[in-house]
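Thanks for coming. Please take a look at the sequence and the model first, and then I will go through a few points.

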Amino acid sequence: MAENYAKETICIQSGWKPKNGEARILPIYQSTTFKYESSEAMGRLFDLEDSGYFYTRLQNPTNDYVAEKICELEGGVAAMLTSSGQAATYYSVFNICEAGDHVVMSATVYGGTFNLLTCTMKKMGIECTVVDPDDDIETLNKAFLPNTKCVFAETIANPALVVLDIEKFASVAHAHGVPLIVDNTFATPINCNPFKWGADIVTHSTTKYMDGHGMTVGGVIVDSGNFDWLAHAEKFPGLCTPDESYHGIVYAEKFGKGAYITKATAQMMRDLGSIQSPHNAFLLNVGLETLPLRMERHCSNALKVAQFLENNEKVAWVNYPDLPGNKYHELQQKYLPNGSCGVISFGLKGGRSAASDMMDQLKLAAIVTHVADARTCVLHPASHTHRQMTDEQLIEAGVAPDLIRLSVGIENVDDIMNDLAQAMENI
Ligand SMILES: *Cc1c(COP(=O)(O)O)cnc(C)c1O
């Protein structure tokens, strides 16, 4: 938006901007295909000579209006929606890596990301070195190889709640001539814009706070346009040498700052699919309208609940970056001064078994795999999301076996605390 509006305004007004007589609300283009008047016009689209819609597997107007809104919120130059957060992670890396390449990844990333990069992409010939996000620059440097193509990390790790020192990671990645990709799911663009701190590409699982109502699985990739692919052309042949599947187009030359997302659309989506359905994009857009209001409430509720847990005698430990005294409080103050997110982790003095007993007693908070939506929910990662990981991997990922992940919703905060209090009394 030329007007330079604040995020609250972008969330409501950006993306779909109806012209005279058009629908006030974003239309759902529930159409697989798009009509053209001449064979020549259609042909030019297939050559990437003109931009336009031809088949929803590649692009759909509803999706693009929503992607545009998220792109503005992050301060990027181009964005694309994907069918899930996993697809966003996968494409964000695979768009610039191929067999024989290597990725550096923070150990505390989401379990799904961990599996994708260390197991599934390994089968595709892409190796991954896992680093401790708290390592100093000298140690981080040692993880890089001549074939390293990117660094991947999370603003706030799910569920370890490690706050990333984005500037440190960006400077290390750039010193090795590769981009930093940051999964900004938990912070949302309301609480942090990783581009401001040097990240080059941002991904989200829009399934979480962005949708916010637990309705739709989705993802998004946003490009800052800041990484100079041509300056490191030998590392990124996919962007800097002719694409034979598009008559020899060189993305970085033809599309400049739009190269990365154009390639992701023209190649990744064309060949691998995983587009978000336009109907889901419409629902995501409704969620985005209230994102700033919800994040404010999630954060204020979570801080009160974290303080309440800290003062409860059955609680062994509480991890929430916004608490003074937390290991990551300083980084939270720097990168997320308005609050981190609504997710807290804690352990009970009774350990692993007390955790599941307590969870069974909850009446308001539900046991669900989901996290980061309007409803308060709990999960025990060691027995649920991170079940595939060994104890060693769990500890490395910052997930203690007794860790309870509490996703504080936007209900009345006293009701949430009363529910936790009665559940802990009953164990
Ligand atoms: C949930 C999540 C993902 C995966 O997203 P899906 O939409 O479930 O595919 C990726 N990263 C983070 C931080 C997540 O919380």
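**Salt bridges and the sheet**

Lys327 is exposed, with a relative accessible area of 64%. Exposed means over 50%, buried under 20%, and partly exposed in between, with a 1.4 Å probe and protein chains only. Asp134 counts as partly exposed at 34% relative accessibility.

Before going on: this is a predicted model, so local features need pLDDT of at least 70 and side-chain atom pairs count only at pLDDT 80 or more, while totals for chains, interfaces and linings use all residues. Residues are numbered from 1 along each chain as its sequence is written, and side-chain values use heavy atoms, leaving out hydrogens and water.

Lys327 and Asp134 form a salt bridge, with the closest N and O atoms 3.0 Å apart. The term stands for a side-chain nitrogen of Lys or Arg within 4 Å of a carboxyl oxygen of Asp or Glu. The two residues are 193 apart.

How many salt bridges does a search of the whole structure find? There are ten. One of them joins Lys149 and Asp101 at 2.9 Å, N to O. Lys149 lies in strand S4 and Asp101 in the loop between H4 and S2, so this pair ties together parts 48 residues apart in sequence. Helices (H or I, at least four residues) and strands (E, at least two) are DSSP runs, numbered from the N terminus. Lys149 is buried at 8%, and Asp101 is buried at 8%.

Strand S4 belongs to an open sheet of seven strands, ordered S1-S7-S6-S5-S4-S2-S3, with mixed pairing. Two strands pair if DSSP finds at least two bridges between them. S4 and S5 run parallel and are joined by four bridges.
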